Amino acid sequence: MKRKAPIQVGEIIEYTITGQGQGGSGVGKYEGFTVFTPFAVSGEKVEVEVKHVKKTYAHAKLLRILTPHSDRITPQCPIFHQCGGCQTQHLSYEAQCREKRQHVIDCFARIGGLKDVVIHPVLGMKHPWEYRNKVAIPFGVRQGKVVAGFYASQSHHIIDMDDCFIQHPVMNRVISKIKEFVKMYRIPVYDERKHQGILRHVVLRMGVNTGEMMVVFVLNGDQLPYEDEIIHALREQFPQIESILLNQNTKKTNVILGPTNRLLWGREVIYDTIGSLRFSISPHSFFQINATQTKVLYDQVLQYAQLTMKEIVVDAYCGIGTIALYLAQHAKKVYGVEIVPQAIADANENALLNKIENVHFEAGDAEEVLPRWVCEGVEPDVLVVDPPRKGCEPGLLETIGKMKPKKIIYVSCNPATLARDARIIVENGYRLCEMQPVDLFPQTEHVECVALFQLDSSIR
Ligand code: SAH
């Protein structure tokens, strides 16, 4: 029998938070009905206002914390509650890491039906701030004032921002400077609704290990007003800048970058390193947002792989080839497949840049390319998968079942789909040996995991 919700929109209720749900929200039951409240912490008793009621759950707004959790802290950022960028600044960093691990454990028990899995404590950062190496800042006008910052959660309302604590500090200074230019030179800022104005976004990328910076002006047009003056001033104040580009985006679209870039000054690309490898980064290329923790993540993959220069490795979902190249230094040969052709072009270029020859990259759908490689006699000892949030396609998991690599190393940015896929991999004859969560995104709800599966020898 369907139960009627015991609450209505606008009602003010008190209840106790018993866990963390999606988006870092606190979740608990009110008269048996599930209620989510952003910024509430597991264990806290809270007073909330009901905002939306659905069939099986409700969303509420936090009004008062009646019994604050001992891990609750004052968020560093003054716009934390408005900006959509961070979700967990109200928790101490230790508690954030603990909650992330608990979320992984819960997913494995609830979705994967896998209990007693060895899940290590999260590998966090010593300084869990200033890690983001890429930022896309929308510009707009509100009440006659230029604003630039981040969109509020699930909206296109720009929250004006001066200092973002999770991005590299030089990037904050560059953005402030550009804001000054926009005001001083009265550069027309883009109006989304009217599709008028010139400056849409400023995209900054930074090689945190090389110190190099790229500035991309995304324009609804092909000329940056006061180009010479702006370039001159930026270069003078920020010697880190190695590349200034103009990206033309004249479409009515939510996609930030348009298809073409024109170099205004310096190099077309900047470089960054992961370990001893060097990677070139252009405005469109994918590169992990937290380079410091990416090394921690890849080192974990390497440790699980236990390579001795004799192994054949397949890296499905290889992006610009970072994991493949990282492992190739220790393997006989690495095959990488990735669906975006430009990423494969970058992967090949990165192989050349690092003089790595024992890699083969192919553009295509992993689900189609892997079975073909099997037919062509590729027998991987280690298979690495690092799929997008939705996890592996069922067809790919079926192929894995037939390929029977000795080891599968699953890198995942979504514990829920990892748990779902883990169950299938286990049903295909693998043992889930252990898992290492890594914190690539401190102050946010996200957690990355590396899981090691080994083929039960009796099955081969
Ligand atoms: N391993 C890389 C990138 C992982 S992100 C790194 O660490 O940087 C996941 C990648 O999977 C993306 O680059 C995405 O384009 C790619 N992808 C998505 N669906 C795919 C598919 N069906 N086949 C192959 N690659 C796919």
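**Ground rules.** I am working from a predicted model, in which local features need pLDDT of at least 70 and side-chain atom pairs count only at pLDDT 80 or more, while totals for chains, interfaces and linings use all residues. Residues are numbered from 1 along each chain as its sequence is written, and side-chain values use heavy atoms, with hydrogens and water left out.

For Y317 I noted a polar backbone atom 3.2 Å from a nitrogen atom of the ligand. On its own the ligand has 580 Å² of accessible area, of which the protein covers 86% (Shrake-Rupley method, 1.4 Å probe).

**Y93.** I placed Y93 in helix α1, residues 93–110 (helices are DSSP runs of H or I, at least four residues). Y93 counts as buried because its relative accessible area is 13%, the cut-off being under 20% with a 1.4 Å probe and protein chains only. Its side chain makes a polar contact of 2.6 Å with the side chain of D439, and a polar side-chain atom of Y93 lies 3.0 Å from the backbone nitrogen of M125.

**N290.** I found N290 in the loop between β15 (277–281) and α4 (291–305), and N290 is buried because its relative accessibility is 0%. The side chain of N290 reaches the backbone nitrogen of Q293 at 3.1 Å. Leaving aside neighbours within four places in sequence, N290 is in contact (heavy atoms within 4.5 Å) with M125, Y131, N133, D439, L440 and P442.

**Cores.** I took a nonpolar core as a set of buried Ala, Val, Leu, Ile, Met, Phe, Trp, Tyr and Cys residues joined through side-chain atoms within 4.5 Å. The largest has 97 residues, and F139, I178, V215 and F217 have the most contacts inside it. Apart from this core lies another, of 38 residues, including F108, Y317, L397 and F453.

Terms used. Buried < 20%, exposed > 50% of the residue type's maximum accessible area, 1.4 Å probe, protein only. Polar contact = N/O pair within 3.5 Å; in protein donor to acceptor, adjacent residues only side chain to side chain. Helix = DSSP H or I, 4+ residues; strand = E, 2+ residues; numbered from the N terminus.
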